[in-house]
Amino acid sequence: MKRNVLYIEDNEKIGSLLKEELEQRGFSVQWLLSGEGAEKEVNHHEIVILDIMLPGLDGFTVGKRLKKVAPAVPILLLSARTSIDDKVDGLQFADDYLTKPFHTDELVARLEVLIRRSGGTHSERISLGHHIEVDPQVQMVLDKRTGEEIILTGKQHQILMYFLRHPNQVLPKEQIYEAIWEEAYITGDKTIMVHIHRLRQKLERDPDCPEIIETLKGIGYRVKL
């Protein structure tokens, strides 16, 4: 589930690092060094990350123009400016404002919230392998070979959706367990192993050679998109 981001940042070092970080977390990033050309690109993306200090037109001006062109696409402003006046001015048109320096985890969390609010995560179906399709809007898992719905148990569905919210990330079994069961993981517990085994039986063409849910021995599991 690639989420399309338009990222406007003139600092090449910062831009390169953040683009790489976001792509590792499952985003597809188009990076521009200025606001030039952004109005033509904005409608192809689910969200905009916009730095305020840009060459030529500043981020406030660029952001206001983007909102006129694509009012439904959320804008997250990035700035080293911390004054209340700057934040108030930015939030006149932007959907969120994050001050530098920031942690990538916080940025990603804010992006996810903004995309969910705008409905961006429901814009298209998600393909897993060559034969599975997930429709997030109606919470349905389909086998493209037969056109039939694959019925998952409640926990199997929660585990799959958790993977899809963390695409391309290696997730330790402890993390998955605590997120789904909302209680502390006990060392040696086989619950996650059993549920993933049964989930593979429903999703994989060959559960003994999984293509969708990858095991990284001694580390955890990963779903690549």
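Which backbone nitrogen lies 3.3 Å from a polar atom of the side chain of Asp51? That would be the backbone nitrogen of Met53. A polar contact here is a pair of N or O atoms within 3.5 Å; within protein, one must be able to donate a hydrogen and the other to accept it, and residues adjacent in sequence count only if both atoms are side-chain atoms.

A quick word on the ground rules. This is a predicted model, where local features need pLDDT of at least 70, side-chain atom pairs count only at pLDDT 80 or more, and totals for chains, interfaces and linings use all residues. Residues are numbered from 1 along each chain as its sequence is written, and side-chain values use heavy atoms, leaving out hydrogens and water.

Back to Asp51: an unreviewed UniProt entry lists this residue for "modified residue: 4-aspartylphosphate", though such annotations may be inferred rather than shown by experiment.

| Residue | Relative accessible area | State |
|---|---|---|
| Asp51 | 3% | buried |
| Arg222 | 17% | buried |

Asp51 is found in strand S3 (residues 47–51); strands (E, at least two residues) and helices (H or I, at least four) are DSSP runs, numbered from the N terminus. Not counting residues up to four places away in sequence, Asp51 touches Ile8, Glu9, Asp10, Gly59, Leu78 and Lys100, with contact meaning heavy atoms within 4.5 Å.

Now zoom out: an open sheet of 5 strands runs S2-S1-S3-S4-S5, paired in parallel.

Technical notes:
Buried means under 20% relative accessible area, exposed over 50%, partly exposed in between (1.4 Å probe, protein chains only). Two strands pair if DSSP finds at least two bridges between them.
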